[in-house]
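The exercises below are meant to be worked with the sequence and the model side by side. Each task is followed by a solution that goes step by step.

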Amino acid sequence: MASIRILLDKCTGCTLCVKACPFGAIHMADRKAVIDMAKCTLCGACVAACKFSAIELEKSAGPKRDLSAYKDVWVFCEQKKGVIQSISFELLGEGRRLADKLGVKLCAVLLGHDMETAAGRLGERGADKVYLVDHPALAAYQDDPYTAVLVKLVEEYKPEALLCGATTIGRSLISRVAIRTNAGLTADCTGLDVDTKERLLLQTRPAFGGNIMATIIAPNHRPQMATVRHKVMQEAPVRPGRGVEVVSNVYPEETFASRTRLIEVVEELASTVNISEADIIVAGGRGMGGKENFAQLEELAKVLGGAVGASRSAVDADWIGYSHQVGQTGKTVVPKLYIACGISGQIQHLIGMQSAKTIVAINKDPDAPIFKVATYGIVGDVNELVPALTREFKRALNK
Ligand SMILES: Cc1cc2nc3c(=O)[nH]c(=O)nc-3n(C[C@H](O)[C@H](O)[C@H](O)COP(=O)(O)OP(=O)(O)OC[C@H]3O[C@@H](n4cnc5c(N)ncnc54)[C@H](O)[C@@H]3O)c2cc1C
């Protein structure tokens, strides 16, 4: 619980707090500040703005929880149509390393329908235990039942760390679970480690537009939750025949209730590979000049066996679908080769692709920021260079 109050003897009526409040929750009455608690979110902006220490914000930590009751490292294993997604194997690889350092079990969490066989094989990817919840309502991802079930599992078995992919599903699910379980959550991590003495998960992620790497800890909350970007960690190796304990959990029917109804899953009619999985991405930006020119990128991607990516400008212009967008509000990709065509290289785009192993940039402006992150830069017109590259790769690759 938290509370806020104006110390009337210190308030000078200067109105700085009124200007600072982003929610319009403060007004003046008789030259003193008055807070409208119906609007106040206890964000503390007014406290920081007040030069006279006339606003007191008290945030109590609530009843102290026994953190020692939490143990084991958990990995939420994402499945689509019953197939466990590769991000789960990456997390199991990293989870195994962390669990060994902490001297605890690595547990997988699998929600779905008819997933017993898949659950039994997670031992081959390093899991010691699988918490399985099998129900028709969990066949495809839906926020409400997935959240309710994962919250129940967390409350019952108390993991000390819970890892989840920074995927569309992972981001939607884990933020809900973190709120309901009062857990610490760090989104979009690119590195993880543990402080074995304090039993803290060290969660590293880019901050301030990718300009610094911040390591975040959650010392007062359990579980320590992190979403991890795809393709940043090595997949757990397959150890054929390695067994696993499967713990099947049954919950009352109301647990699976949903405020939304899944009518149909419509697969995007993509002619090329999903960019999150692709080793080679040919991406286009506003410099491509129009929707019709994206066909050139598709052809080059096809010759190279890659996928087509795009900047937000290209997506906003409706030249290509959102699922191809790379960057802060799109996907994070870590391919072996990223060819950026007519993309200027704004920070919001770079965040999503700068970890690619090799970056080739084609831009007619020699000062375009994309060249700062590029391994190889070509100054020129994409409309000439992309078809020329396609021709040369076709010849070299005998296609
Ligand atoms: C909150 C927020 C989130 C955002 N999220 C994302 C995101 O997820 N992904 C993203 O990409 N952007 C994102 N943006 C937008 C981002 O800031 C840039 O506006 C965007 O990336 C620019 O796209 P662009 O490089 O295609 O276009 P421009 O910046 O317009 O660059 C076009 C480039 O093409 C070059 N060019 C032009 N013609 C040719 C030619 N014939 N041959 C060769 N080169 C040519 C130009 O020299 C120029 O460098 C976000 C912005 C905000 C504010």
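Helices (H or I, at least four residues) and strands (E, at least two) are taken as DSSP runs and numbered from the N terminus. This is a predicted model, in which local features need pLDDT of at least 70 and side-chain atom pairs count only at pLDDT 80 or more, while totals for chains, interfaces and linings use all residues. Residues are numbered from 1 along each chain as its sequence is written.

**Exercise 1.** Locate Ile169 in the secondary structure, and decide whether Ile169 is buried or exposed.

Step 1. Ile169 belongs to helix H6, which covers residues 168-181.

Step 2. A residue counts as buried if 20 or more other C-beta atoms lie within 10 Å of its own, as exposed if 12 or fewer do, and as partly exposed in between, with C-beta atoms placed from the backbone. Ile169 is buried, because 20 other C-beta atoms lie within 10 Å.

Step 3. Two residues are in contact if their C-beta atoms, placed from the backbone, lie within 7 Å. Once neighbours within four places in sequence are set aside, Ile169 is in contact with Glu78 and Tyr141.

**Exercise 2.** Check the length of H6, and work out how its buried residues are arranged around the axis.

Step 1. The expected span of a helix is 1.5 Å times one less than its number of residues. For the 14 residues of H6 the span should be 20 Å, and the end C-alpha atoms are 21 Å apart, which agrees.

Step 2. The buried residues of H6 are Ile169, Gly170, Leu173, Ile174, Val177 and Ala178. Viewed down the axis of H6, these buried residues fall within an arc of 130° (taken from the directions from the helix axis to the C-beta atoms), so they line one face of the helix. The general rule is that an α-helix has 3.6 residues a turn, so residues three or four places apart point the same way.

Step 3. The partners against which the buried residues of H6 pack include helix H5 (143-157), strand E5 (73-77) and strand E10 (161-165).

**Exercise 3.** Explain why strand E17 is described as largely enclosed, and find the residues that stand opposite Val282.

Step 1. In strand E17 (residues 280-284), 4 of the 5 residues are buried, so the strand is largely enclosed by the rest of the structure.

Step 2. Two strands pair if DSSP finds at least two bridges between them. E17 pairs in the parallel sense with strand E19 (residues 337-341) over 5 bridges, and it pairs in the parallel sense with strand E18 (residues 307-310) over 4 bridges.

Step 3. Opposite Val282 stand Ile339 in E19 and Val308 in E18.

**Exercise 4.** Which backbone features call for a second look at Asp30, Asp188 and Pro223?

Step 1. Asp30, although not a glycine, has a positive phi of about 55°; Asp30 lies in the loop between strand E2 (26-29) and strand E3 (32-35), and is exposed, with 7 other C-beta atoms within 10 Å.

Step 2. Asp188, in strand E11, also has a positive phi, near 60°, but Asp188 is partly exposed, with 18 other C-beta atoms within 10 Å.

Step 3. Pro223 is joined to Arg222 by a cis peptide bond with omega about -10°, and Pro223 is found in the loop between strand E14 (212-216) and E15.
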